[in-house]
Amino acid sequence: MKKLILLAVALVATFTTNAQVTINDVKVEKSLTVEGQELMLNGAGLREKLWFDLYVGALYTTVKSGDGSTLVDADLAMAITLDITDSKVTQDKMKSAVEDGFEDSCTDAERAAIKGDITRFIGFFKDAIVEGDEFQIAYVPGKGTMVSKNGKALGTIAGIEFKRALFGIWLGDDPADEDLKEGMLGKS
């Protein structure tokens, strides 16, 4: 009987330990479901600027990978969550950061080809952003990039070209934050 109780406690402890990780007081789940498909945590990290901890970013994929370029180009279901951890992240600062991110993640010609999509995406940040908000950016092949805030759908943008440019902000050759990229790729 004692062994059975110890086994039960060990199983509960293992399940609890494996259920999530915590970064900067944000609980990052080990998996999430998008359009009925389960995605596994590839990695997560903290977006920092100067001495501010701006948000926790997590990448979820169907197949774990440590190669940012492969993930940016992949036509596979994946998602990024952004959990805002600092009140300094406002809608205006988010819009500006996204614009800068697109400039760094794609060429002028690529950006021109998806200009309308970029404008639409930036429009998703029209409402106030406060500490504790969570954005989910999920790509589903054949459907596009679906964006939600705190579980409420904001819109979908079709096309893998847009997905490549957007995911390149965090996983590309010139990412918004190199340490966050390493965390999302499971390297830190």
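A residue is called buried when its relative accessible area is under 20%, exposed when this area is over 50%, and partly exposed in between, with a 1.4 Å probe and protein chains only. The structure is a predicted model, in which local features need pLDDT of at least 70 and side-chain atom pairs count only at pLDDT 80 or more, while totals for chains, interfaces and linings use all residues. Residues are numbered from 1 along each chain as its sequence is written, and side-chain values use heavy atoms, with hydrogens and water left out.

**Salt bridges**

A salt bridge is a side-chain nitrogen of Lys or Arg within 4 Å of a carboxyl oxygen of Asp or Glu. By this rule there are six salt bridges, among them those in the table.

| Pair | N to O distance |
|---|---|
| Asp108 and Arg111 | 2.4 Å |
| Asp177 and Arg47 | 3.6 Å |
| Lys149 and Asp133 | 3.6 Å |

Helices (H or I, at least four residues) and strands (E, at least two) are DSSP runs, numbered from the N terminus. Asp108 and Arg111 are three residues apart in helix α4 (residues 108–113), so about one helical turn separates them. Asp108 is exposed, its relative accessible area being 57%.

Asp177 and Arg47 form a salt bridge that links distant parts of the chain: Asp177 is in the loop between α6 and α7 and Arg47 in strand β4 (residues 37–49), 130 residues apart. Both of these residues are buried.

In the salt bridge of Lys149 and Asp133, Lys149 belongs to strand β8 (residues 144–149) and Asp133 to the loop between α5 and β7, so parts 16 residues apart in sequence are tied together. Lys149 is buried, with a relative accessible area of 15%, and Asp133 is buried as well, at 7%.

**Nonpolar core**

A nonpolar core is a set of buried Ala, Val, Leu, Ile, Met, Phe, Trp, Tyr and Cys residues joined through side-chain atoms within 4.5 Å. The largest such core has 38 residues, and Phe102, Phe121, Leu166, Phe167, Trp170 and Leu171 touch the most other members. Elements giving two or more residues to this core include α3, α5 (115–123) and α6. Helix α6 gives the most, with eight residues.

Patches join like charges within 9 Å, using residues with over 30% relative accessible area and no salt bridge. A patch of negative charge on the surface includes Glu48, Glu99, Asp100 and Asp174. Helices α3 (91–105) and α7 (178–184) are the elements that give two or more residues to this patch, and α3 gives the most, with four. Asp174 lies in the loop between α6 (160–171) and α7 and is partly exposed, at 42% relative accessible area.

Definitions and conventions
Patch = residues over 30% accessible without salt bridge, like charges linked within 9 Å, V, L, I, M, F, W, Y side chains within 5 Å. Areas by Shrake-Rupley, 256 points an atom, 1.4 Å probe, with all protein chains shown as cover. Lys, Arg positive; Asp, Glu negative; His and termini not counted. Charge placed at Lys NZ, Arg CZ, Asp CG, Glu CD.
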